[in-house]
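Welcome! Take a moment to look over the sequence and the 3D structure below, and then we will walk through them together.

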Amino acid sequence: MAKVMGTLASKKPSQGSKVSGIVVKRNFNYHIMTPSDLSNYTELAVSTVTQRQSISYNAPLSLLTYYLTQLSGDIEHTDVNDKPALKVFKHITVIHEPALSMVTMEWVANAVNDMYADAVLSVILRVSSDPNAQKVVPAPPVTYQVYTERLTKLLRDMFGESSISRTVKGDKLIVQVDGKTAKIFTDTLEVECEDDENLHQMVSTAVTRLHQALNPLPDT
């Protein structure tokens, strides 16, 4: 038998609910607690390990971005200490250091992030070592206007010609299916649909995946 302690014990569990935590054995007694409570009830502490790995890299960052986009549609451009960087899978940071001819990967070590880091590393090594990979010229991103037109065509193919309409300003698409309505704000890619969760999910997926595939730029 184990005793629940700390944060986990602050709320009485209902019948059939799951309790998730760390089991600690002390003096023949078992206790279940969250990792954040370890230092409060034991002499143990939780540490975070940040992994850092540098890889030789002579190609442009735009080329690496192109290949990483094939791996994950979740790519974020950022800066780390005034150096251009990419955030991949939301947890793997790839810092480009052209003066040193290398890129540096940083991530908080855990089972999932380590798996993501291995995948990102394989892409970096391929781009940096394969001459054929470096011959690829990424296609220029399409404009916001073209993205909106292609999204309209995609939605009409999915739901029918008469199901899609656009506002006068052209910054909002309306999808109407079986009396249910979904609104797409094309400037922010936000989808609103209070009538049907399945319709909301279908439209949101179409909007996001097309945006990731085309990577549109705002009109200037």
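This is a predicted model: local features need pLDDT of at least 70, side-chain atom pairs count only at pLDDT 80 or more; totals for chains, interfaces and linings use all residues.

## A threonine in a strand

Is Thr104 buried or exposed? Its relative accessibility is 0%, and buried means under 20%, so Thr104 counts as buried.

## Neighbours of Thr104

Leaving aside residues up to four places away in sequence, Thr104 touches Arg52, Gln53 and Ser54, along with Thr93, Val94, Ile95 and Glu97.

## The whole protein

Now let's step back. The protein has 12 strands and 6 helices. Its radius of gyration is 24 Å, while the globule rule gives 17 Å for 220 residues, so the protein is more spread out than a compact globule. Along the principal axes, the C-alpha trace spans about 70 × 55 × 30 Å.

Take the contacts between residues at least 6 apart in sequence: 44% of them join residues at least 24 apart.

## Inside, surface and charge

How much of the protein is buried? Of the 220 residues, 31% are buried. The protein exposes about 14400 Å², and 51% of that area comes from carbon and sulfur atoms.

Finally, the charges: there are 21 positive and 24 negative ones, and their mean positions lie 6 Å apart.

Key. Residues are numbered from 1 along each chain as its sequence is written. Side-chain values use heavy atoms; hydrogens and water are left out. Helices (H or I, at least four residues) and strands (E, at least two) are DSSP runs, numbered from the N terminus. The radius of gyration is taken over C-alpha atoms; the globule rule is 2.2 Å times the number of residues to the power 0.38. Buried means under 20% relative accessible area, exposed over 50%, partly exposed in between (1.4 Å probe, protein chains only). Contact means heavy atoms within 4.5 Å. Accessible areas come from the Shrake-Rupley method with a 1.4 Å probe; for residues, only the protein chains shown count as cover. Lys and Arg count as positive and Asp and Glu as negative; His and the chain ends are not counted. The place of a charge is taken as NZ of Lys, CZ of Arg, CG of Asp or CD of Glu.
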